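Welcome to this structure. The notes below are meant to be read with the model open beside you, one point at a time.

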Amino acid sequence: MSSRLAASRIVHAGRGISQPTPFGKRMDRLSNRVWGEVVMPTDTKSLKVVRVMSAEPYETKESLSPSYYPNLPMFHYLTKMLRFHGLFFDDHVVFRDVQDNLKTIRGKVVRPPIGQGKRAQLRGKK
């Protein structure tokens, strides 16, 4: 008979927590504070702020670390070599080459050396 009473005491102890009484509200806030949840009930916009601020920082994310990104100069060199051997075809690079050839035929300078561009020529005329 005593085991039956002990079980009923446990049920009665938690009865007031979920009730809309002042005690239930205080216990609910206390449990939220203990478990690191939002203490006061809020709307969805405020919960978004809580979610953003409690997220892991970008600096510690493994997917955004500098070691995640590929070695771009190496890939550039490899695609250049594959293009040279005819194993890789890039439409945009071919288009740029054609445009550069048309510019040189018209007598234009495609990529002038540093310090000899349009601004340097204008500076020299003054």
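**Notes on the helices, salt bridges and surface**

1. Let us start with Asp100, which counts as buried at 18% relative accessibility. Here buried means under 20% relative accessible area, exposed means over 50%, and partly exposed is what lies in between, with a 1.4 Å probe and protein chains only. The areas themselves come from the Shrake-Rupley method with a 1.4 Å probe, and for residues only the protein chains shown count as cover.

2. Before going further, please keep in mind that this is a predicted model, where local features need pLDDT of at least 70 and side-chain atom pairs count only at pLDDT 80 or more, while totals for chains, interfaces and linings use all residues. Residues are numbered from 1 along each chain as its sequence is written, and side-chain values use heavy atoms, with hydrogens and water left out.

3. What is the partner of Asp100 in a salt bridge? It is Arg111, with the closest N and O atoms 3.0 Å apart. A salt bridge here is a side-chain nitrogen of Lys or Arg within 4 Å of a carboxyl oxygen of Asp or Glu. Asp100 lies in helix H5 and Arg111 in the loop between H5 and helix H6 (118-125), so the pair ties together parts that are 11 residues apart in sequence. Arg111 is exposed, with a relative accessible area of 59%.

4. The structure holds 2 salt bridges. One of them joins the side chains of Asp97 and Arg83, at 2.8 Å from N to O. Because Asp97 sits in helix H5 (residues 91-105) and Arg83 in helix H4, this pair links parts 14 residues apart in sequence. Asp97 is partly exposed at 33% relative accessible area, and Arg83 is also partly exposed, at 30%.

5. For the overall picture, the protein has 6 helices and 0 strands, which gives the pattern α-α-α-α-α-α along the sequence. Helices (H or I, at least four residues) and strands (E, at least two) are DSSP runs, numbered from the N terminus. Of the 126 residues, 4% count as buried. The accessible surface comes to about 12000 Å², and 62% of that belongs to carbon and sulfur atoms.

6. Now look at helix H4 (residues 72-84), where Met81 is found. Met81 is partly exposed at 31% relative accessibility. Together with Met74, Phe75, Tyr77, Leu78 and Phe84, Met81 forms a nonpolar surface patch with about 630 Å² of accessible area. Patches are made of residues with over 30% relative accessible area and no salt bridge; like charges are joined within 9 Å, and nonpolar side chains (Val, Leu, Ile, Met, Phe, Trp, Tyr) within 5 Å.

7. Which residues form a positive surface patch? They are Lys25, Arg26, Arg29 and Arg33. Lys and Arg count as positive and Asp and Glu as negative, with His and the chain ends not counted. The place of a charge is taken as NZ of Lys, CZ of Arg, CG of Asp or CD of Glu. Arg29 belongs to helix H2 (residues 22-34) and is partly exposed, at 31% relative accessibility.

8. Just after H2, Gly36 takes a positive phi of about 75°. Glu37 lies in the loop between H2 and helix H3 (44-54), and Glu37 is partly exposed at 48% relative accessibility. The C-alpha atoms of Glu37 and Val50 are 9.2 Å apart in space, with the two residues 13 apart in sequence.
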